[in-house]
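Here is a short briefing to read with the model open beside you. Take a look first, and then we can go through it topic by topic.

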Amino acid sequence: MKLNGVRSSAIASGRGCGIQQTENGMAQSLRKSIHVVADPKNLDASVDEVFKTMLGIDCQRDPVVLSTPTLGGPGTVTAVIGFGGLLSGACVLQCRSEAAMLIAAQMTGMEFQEIDDTVKDGVGEICNMLAGAWKSKVPGLAAGCGLSVPAVITGHDYDLHVQAPEFELRHSYRFGDASFTVTIVCDGIQ
Amino acid sequence: MRKIIERALRQAGLEQLVVREAGTGADGLEQLRSNPVDLIISDINMPTMDGLEFLRQLQAQKLAPGVPVVMITTESSEEHVKQAIQAGARGYIRKPFTAEQVKERVLPLLKSA
């Protein structure tokens, strides 16, 4: 999977939101503070905030990160939001179909028997909020980094690979019997 | 997002509202030509036509004059909010949001409509 499409979209989105004006001024400080940007606590806090507020779900961090083959089994949903601007990369939410339908049901109050467009929109929207919440926790990144619209992939036996990332955070979480994995991957920081 | 907002409005006690949905900004503009509304709620981050462009088109085409528009955004920076207000939005809701927050933003605008 290549992230170029979502990244281009995120960069285009960022251009309309004042990123160009702040880019030069912020460039130095973001690279210098990569330990802050890559702080794993920010991801946990973002997941907690989004799932509690939007879904009323208290997620537990799973000590075991679900491997891609596990997630890539039958009926997997992957939502991708691209980052563009001071930081380029993506926020990726992966879960099994059952978890995706639970998330969408909790968001909309509807019941789902299959992965339809509403489920895909719901998972994409949660990924969008996770990306927004995550970048808002890093000073300078909220205004200096644009988000793409969500891309949602469904299917099985696929993998997500990013070449030589600057850093990658990959955490799994559990609610009830369902689980999901969130990955923040950064392949460029200015 | 449309289903989520509709559910939040109903959870906030606004069950009597008639909600019209548009899948895209262009669809929303088209619907507004023939369907008067009291309030418009739009996401900013949308494909094809983003929420800010939707607002600009809304004003340029003089559709729904005086109708308050609330933007929903994941972006929390002052710059994004300023752009939405400058483009004509009367309020914004930051994602993630609770039904109560939707009510707080929407109810005063509906009352003044």
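Which elements of chain B do the buried residues of α3(B) pack against? They pack against α2 (25–34), β1 (40–43), β2 (69–73) and α4 of chain B, where helices (H or I, at least four residues) and strands (E, at least two) are DSSP runs numbered from the N terminus. This is a predicted model, in which local features need pLDDT of at least 70 and side-chain atom pairs count only at pLDDT 80 or more, while totals for chains, interfaces and linings use all residues. Residues are numbered from 1 along each chain as its sequence is written, and chains are lettered from A and ligands numbered from 1 in the order in which they are written.

**Helix α3 of chain B**

- In α3(B), residues 51–60, the buried positions are B:Gly51, B:Leu52, B:Phe54, B:Leu55 and B:Leu58 (buried: 20 or more other C-beta atoms within 10 Å of the residue's own; exposed: 12 or fewer; partly exposed: in between; C-beta atoms are placed from the backbone).
- Viewed down the helix axis, these buried residues fall within an arc of 160 degrees, so they line one face of α3(B); the arc is that of the directions from the axis to the C-beta atoms.
- Just after α3(B), B:Lys62 has a positive phi of about 50 degrees.

**Helices α1 and α5 of chain B**

- α1(B) and α5(B), residues 99–112, pack at an angle of about 80 degrees with axes 8 Å apart (axes are lines fitted to C-alpha atoms, for helices over the stretch in contact, and angles run from 0 to 180 degrees between N-to-C directions).
- The two helices α1(B) and α5(B) are therefore roughly perpendicular, a label for angles of 65 to 115 degrees.
- B:Ile5, B:Ala8, B:Leu9 and B:Gln11 of α1(B) meet B:Ala99, B:Val102 and B:Val106 of α5(B).
- B:Glu6 also lies in α1 of chain B, and with 17 C-beta neighbours inside 10 Å it counts as partly exposed.
- B:Glu6 and B:Arg20 are 14 residues apart in sequence and 9.4 Å apart in space, C-alpha to C-alpha.

**Where the chains meet**

- 19 residues of chain B are in contact with 22 residues of chain A (contact: C-beta atoms, placed from the backbone, within 7 Å).
- On the chain B side, the elements giving two or more residues are α1 (2–11) and α4 (78–86).

Notes
Two residues are in contact if their C-beta atoms, placed from the backbone, lie within 7 Å. Angles under 35 degrees count as roughly parallel, over 145 as roughly antiparallel, 65 to 115 as roughly perpendicular and the rest as oblique.
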